[in-house]
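Here is a short briefing to read alongside the model. Keep the sequence and the 3D view open while you go through the points.

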Number of protein chains: 2
Amino acid sequence: MADLLSVAKLAGVSRATAARAFSSPELVRPETRHKVLEAAHRLAFRPNNVARQLRAQTTKMIGVMVPSLDNPVFAEQLQAMEVAARASGYSLIVTTSEYDASRESEIVEEMLRQRVDGLVLTIADADRSEVLAKLHREVCPYLLVYNQPEAADIPTIGVDNRAAVAEATRHLIALGHHRIGMVAGSLLQSDRARLRYEGYRQAMCDHGLTPRPLIEMPRHTQAELACLEPELSGHDGLTAVICTNDLLAISLIGELQRSGRSVPGDLSVMGFDGINLGHCLYPSLSTVEQPRVEIGRSAVQILLAMIRGETPQPLPLPHALREGESVGAPPTSRQVLVTRNPQRNTP
Amino acid sequence: MADLLSVAKLAGVSRATAARAFSSPELVRPETRHKVLEAAHRLAFRPNNVARQLRAQTTKMIGVMVPSLDNPVFAEQLQAMEVAARASGYSLIVTTSEYDASRESEIVEEMLRQRVDGLVLTIADADRSEVLAKLHREVCPYLLVYNQPEAADIPTIGVDNRAAVAEATRHLIALGHHRIGMVAGSLLQSDRARLRYEGYRQAMCDHGLTPRPLIEMPRHTQAELACLEPELSGHDGLTAVICTNDLLAISLIGELQRSGRSVPGDLSVMGFDGINLGHCLYPSLSTVEQPRVEIGRSAVQILLAMIRGETPQPLPLPHALREGESVGAPPTSRQVLVTRNPQRNTP
DNA sequence: CGCCCTCATGAGATCGATCTCATCGATCGT
DNA sequence: ACGATCGATGAGATCGATCTCATGAGGGCG
């Protein structure tokens with residue numbers, strides 16, 4: 001590949017002038033510029049970004065780490081980030097951590113070596129993370145996404161998970177549900193999971209209802225009906241569940257239907273995330289929507305501001321309760337049973 | 001950030017030795033190495049990959065361009081690529097083209113400037129693409145994914161779209177369907193779309209059935225029932241449709257159910273891609289599965305081989321007909337109508 | 001007419017690591 | 001004991017573009 005020097009020679013100018021013809025054309029006489037571009041064309045020259053980055057001490061690259069791309073909530077956010085970054089002349093280096101702490105650490109280390117201008121991370125648990133400790137000592141701007149650390153000085157963007165699930169729970173209660181469960185994937189060691197359960201617990205208690213223990217599924221994004229079945233029957237069987245993510249909710253609905261149950265007839269199911277696909281299903285998914293596109297777009301904007309040396313205040317973004325067809329009133333046959341329940345809430 | 005020279009000074013060795021302590025530790029006496037690492041630690045030194053890349057003339061980066069990450073078929077492939085690349089010490093620069101030809105061109109140009117070691121691309125239409133023309137003149141190894149160009153000399157990995165849809169069509173025919181339609185998104189200008197329709201047409205003709213015109217939806221991944229409705233009623237109404245992607249199929253099933261129809265009772269629906277979510281739904285999605293993980297993994301392996309200077313022969317990967325619950329026998333009430341149909345195929 | 005300023009360009013240093021080649025002491029073989 | 005070999009290290013060039021500073025031509029103005 002031809003370099004600037006050979007282009008400069010062919011055009012009969014110095015390296016400096018040839019460089020200017022590309023990076024700041026206004027400094028070069030149009031005639032000269034044309035000679036340079038012509039020479040560049042003849043030699044199939046293409047500026048070498050690596051050299052530019054080394055000299056300029058900036059890569060125009062953002063390092064992104066998400067747990068997995070198999071979950072659309074991350075893919076959709078990443079899509080938005082890519083568009084926003086490209087619009088500002090930045091590229092994304094994308095990595096997946098699989099929620100693995102040691103991998104998180106390696107990935108961030110590698111990206112720092114790559115001299116990315118900033119990092120956008122979604123980590124497993126923002127409250128106990130080696131990655132954050134490392135970044136704390138570094139100068140590289142970074143931003144967490146979807147996480148919700150307890151420490152206030154960690155720049156983060158995402159929704160208020162506790163409030164969001166609390167609202168979802170109240171929504172179900174308002175529809176007449178009393179026996180509401182919460183279904184989670186296999187990864188309980190996350191700041192979000194803790195806060196979501198806490199939101200559920202709080203809302204239940206506030207209404208004089210008994211929160212149930214978390215129902216844990218063996219996989220993170222696919223429900224096993226067998227794990228839930230014991231909770232469904234009997235006089236205190238659940239009439240509604242909140243799932244910690246949409247994939248879990250969707251697969252749970254599928255399993256319930258396959259077992260001959262009706263959603264929301266026999267069980268109301270609420271998701272969390274608001275992935276696009278939820279709209280399209282029948283029954284459509286009731287869910288707590290995280291504004292994935294807005295989150296992705298803002299993440300890039302805020303990070304770029306940090307890179308420019310500003311100190312923007314990342315606001316928590318609003319969640320939205322999106323009502324779909326997977327949630328309805330509790331079954332009436334069951335509602336009779338409610339009266340046998342300790343909590344005697346008038347129907 | 002400290003550089004190698006300051007580390008070398010602190011450790012009392014030359015720059016060369018300090019560099020060796022990192023990149024080829026076996027060449028350095030253990031005692032010396034420890035001194036260097038100790039000094040590096042004290043100075044919070046981190047090797048600068050940009051400088052290394054410039055000197056070594058290799059970035060260990062792969063440029064990836066997919067149409068969109070909102071479709072899990074790409075996200076799932078990308079997930080597999082990321083894992084495979086990382087395992088071989090490579091990073092991914094990820095971009096999305098939105099099927100926009102000019103964007104495709106810009107993106108590839110930018111990645112070439114970035115001196116990626118290779119490119120993995122999914123382009124809109126491999127048979128008329130400026131990008132391919134450009135790459136043809138370049139030395140950068142590249143590989144198409146999911147595309148199926150007519151030209152034989154373009155390295156590509158993916159399934160045989162024509163054969164895949166033909167097989168799906170035959171499957172429906174074998175179940176007794178005669179009036180089968182094909183539903184596509186709004187982007188017909190793609191090599192895959194053409195071949196998929198061609199496979200459908202061929203299979204229909206081979207069985208003496210009349211292929212229908214493509215039913216085009218206004219959006220690429222979401223079905224509008226109104227576009228399909230005219231084809232459903234009447235004495236020659238469809239009993240089965242093949243959708244060009246799973247998202248289209250899934251949303252179509254949702255719309256059909258919402259309108260009170262049963263799938264597959266009233267209409268059998270078959271998808272294409274095999275995204276993970278299809279398994280979980282009820283009815284589960286019958287689809288032509290593209291081995292997305294295998295495709296992603298192989299794409300990286302083959303590209304790395306090309307980077308090493310080998311000339312691997314990318315084989316077309318096998319598709320698989322995945323039978324789900326969204327396809328069944330045609331409704332019997334309709335089957336009576338079949339006899340009024342021009343094609344008289346005995347049941 | 002001469003001074004100063006602007007504009008276009010060139011020379012040379014620089015970003016940070018790596019590669020080649022040279023050097024020097026120690027070990028080995030006969 | 002002496003030349004050969006090996007292992008560890010250092011000096012200096014190099015990757016390709018950009019930045020700073022210097023230079024020189026040309027124009028405006030007193």
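Chain A of this predicted model is divided into domain 1 (4-47), domain 2 (58-159 + 292-318) and domain 3 (161-289 + 322-336), with bounds that come from an automatic or database domain assignment. The centres of domain 1 and domain 3 of chain A, taken over C-alpha atoms, are separated by 63 Å.

A word on conventions: residues are numbered from 1 along each chain as its sequence is written, while chains are lettered from A and ligands numbered from 1 in the order in which they are written. Because the model is predicted, local features need pLDDT of at least 70 and side-chain atom pairs count only at pLDDT 80 or more, whereas totals for chains, interfaces and linings use all residues; side-chain values use heavy atoms, with hydrogens and water left out.

**Chain A as a whole**

- The secondary structure of chain A comes to 14 helices and 11 strands; helices (H or I, at least four residues) and strands (E, at least two) are DSSP runs, numbered from the N terminus.
- With a radius of gyration of 26 Å, well over the 20 Å that the globule rule gives for 347 residues, chain A is more spread out than a compact globule. The radius is taken over C-alpha atoms, and the rule is 2.2 Å times the number of residues to the power 0.38.
- Along the principal axes, the C-alpha atoms of chain A fill a box of roughly 95 × 40 × 30 Å.
- Of the 347 residues in chain A, 58% are buried; buried means under 20% relative accessible area, exposed over 50%, and partly exposed in between (1.4 Å probe, protein chains only).
- Chain A exposes about 14,500 Å², and carbon and sulfur atoms supply 52% of that area. Accessible areas come from the Shrake-Rupley method with a 1.4 Å probe; for residues, only the protein chains shown count as cover.
- Among contacts (heavy atoms within 4.5 Å) in chain A between residues at least 6 apart in sequence, 70% join residues at least 24 apart.

- An unreviewed UniProt entry annotates residues 1-56 of chain A as "domain: HTH lacI-type". UniProt positions are given in the numbering used here, feature names are shortened, and annotations may be inferred rather than shown by experiment.
- Residues 1-56 of chain A are 68% helix and 0% strand, and the end C-alpha atoms of this stretch are 21 Å apart.

- A:R170 is found in helix 8 (residues 161-174) of chain A and counts as partly exposed, at 39% relative accessibility.
- Leaving aside neighbours within four places in sequence, A:R170 is in contact with A:A203 and A:H207. A:D206 is 36 residues from A:R170 in sequence and 9.3 Å away in space, C-alpha to C-alpha.
- Is A:L277 buried or exposed? A:L277, in helix 12 (residues 277-280) of chain A, counts as buried at 10% relative accessibility.
- With neighbours within four places in sequence left aside, A:L277 is in contact with B:L247, B:I250 and B:L277.

- Helix 6 (residues 101-113) of chain B has 13 residues and reaches 19 Å from its first C-alpha to its last, close to the 18 Å expected at 1.5 Å a residue. The expected span is 1.5 Å times one less than the number of residues.
- Buried residues of helix 6 of chain B include B:I107, B:V108, B:M111 and B:L112.
- What do the buried residues of helix 6 of chain B pack against? Their partners are helix 5 (72-87) of chain A together with strand 1 (61-66), strand 2 (91-96), strand 3 (118-121) and helix 7 (130-136) of chain B.
- The 16 residues of helix 13 (residues 292-307) of chain B should span 22 Å, and its end C-alpha atoms are 22 Å apart, which agrees.
- Helix 13 of chain B is followed by B:G309, whose phi is positive, near 100°.

**Backbone details worth a look**

- Most residues other than glycine have a negative phi, and most peptide bonds are trans.
- The peptide bond from A:V263 to A:P264 is cis, with omega near 10°, and A:P264 lies in the loop between helix 11 (246-258) and strand 9 (268-273) of chain A.
- In chain B, the peptide bond from B:Y282 to B:P283 is cis, with omega near -5°.
- B:Y146 is not a glycine, yet has a positive phi of about 75°; B:Y146 is buried, with a relative accessible area of 2%.
- B:D273, found in strand 9 (residues 268-273) of chain B, has a positive phi near 140° and counts as buried at 4% relative accessibility.
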